[in-house]
Amino acid sequence: MAIHLGPNQYGKAENRVVRIYRDTDRHSIRDLNVSTSLRGDFTAAHLEGDQADVLPTDTQKNTAFAFAKEKGIGAIEDYALTLGGHFIDSTPKADGARIEVHEYPWDRIQVDGAGHDHAFVRSGGGVRSTVVNVDGRGADRRAHVVSGIHDLTLLKSTGSEFHGFLKDKYTTLQETDDRILATSLVAKWRYDHTEVDWDKSYDSIRAILLQRFAEIHSKALQQTLYGMGRSVLEQHPEVAEIKFSAPNKHHFLVDLSPFGTENPGEVFIAADRPYGLIEASVVRDDASDAGSAWHGVPGFC
């Protein structure tokens, strides 16, 4: 029986990089969670314990922090692309690098109607993310960028239906033409190239997702997700495809009749589990080859 080493990678996960800009009395903050990994011919490390070709994970950690100062943090996509290229150039046996960055948003605390110069409060409008995979060297190098948002909690108090579904002897769910629709959305989109104004694109895509969630009269969460994704692709030619993972955060009407009280769709219990989990992709017919873009991006169909 032949046994061999399969696919492998190694790196430093969840480096909490916080960069404070103090160039003026009005400070700004960038709060990142950075995970790095390298893949390539590291057979000797696995079979013999020989570390000669291994750039230590501690070095990867140090580089993530050093680059935050030396090169600064602009768009997280540029920061990740720079790290990925550097790690491949620094590690001869590496043929691929994967950099994942989450950015936690902070707002200025309002004091007397104005944002404070150096006091902040974490905001809850979703966490921006990117996963960058860099493959190859020199002229053969190729970079793939998948950006997105998670923990984007959305709710519609009406404008959602669910009826006409398949039934069997175990079906107890009642049909409805008026329900709460809520989800904690994960959306990730693959860019077709890297000549992108990352911040502008992200802000616009996030706004489209919110607007379409609000506008679409939903007959199913699936329909809502497709409509959101279609609008993103129609308005952003730089995006090749978008994927969603959306738990259906169920809200069940509470029966108040034992207390002699009517409840016309006003009091609900929010159930955290179990929940329906809807996943979907919306893709251009002429989308470019994804290559390694989705490598290490779990949780999507």
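His102 counts as buried because its relative accessibility is 17%; buried means under 20% relative accessible area, exposed over 50%, and partly exposed in between, with a 1.4 Å probe and protein chains only. The model is predicted: local features need pLDDT of at least 70, side-chain atom pairs count only at pLDDT 80 or more, and totals for chains, interfaces and linings use all residues. Residues are numbered from 1 along each chain as its sequence is written, and side-chain values use heavy atoms, with hydrogens and water left out.

His102 lies in strand S3 (residues 94-104). Helices (H or I, at least four residues) and strands (E, at least two) are DSSP runs, numbered from the N terminus. The side chain of His102 makes a polar contact with the side chain of Glu100 at 2.9 Å. A polar contact is a pair of N or O atoms within 3.5 Å; within protein, one must be able to donate a hydrogen and the other to accept it, and residues adjacent in sequence count only if both atoms are side-chain atoms.

**The sheet**

Eight strands form an open sheet in the order S1-S2-S3-S6-S7-S8-S9-S12, with antiparallel pairing. Two strands pair if DSSP finds at least two bridges between them. Strand S1 (10-21) and S12 are at the edges with a single partner strand each, so one side of each has no neighbour in the sheet. S9 and S12 run antiparallel and are joined by eight bridges.

**Helix H5**

Helix H5 (residues 221-235) has 15 residues and reaches 22 Å from its first C-alpha to its last, close to the 21 Å expected at 1.5 Å a residue. That expected span is 1.5 Å times one less than the number of residues. Buried residues of H5 include Leu221, Met228 and Leu233. The buried residues of H5 pack, by contact (heavy atoms within 4.5 Å), against these elements:

| Element | Residues |
|---|---|
| Strand S8 | 181-191 |
| Helix H4 | 198-215 |
| Strand S9 | 239-248 |
| Strand S12 | 276-283 |

**The cores**

A nonpolar core is a set of buried Ala, Val, Leu, Ile, Met, Phe, Trp, Tyr and Cys residues joined through side-chain atoms within 4.5 Å. The largest has 55 residues, of which Val34, Tyr79, Leu185, Trp189, Leu209 and Phe244 touch the most other members. Helix H3 (residues 76-90) gives the most to this core, with seven residues. Apart from it lies another core of seven residues, among them Val131 and Trp294.
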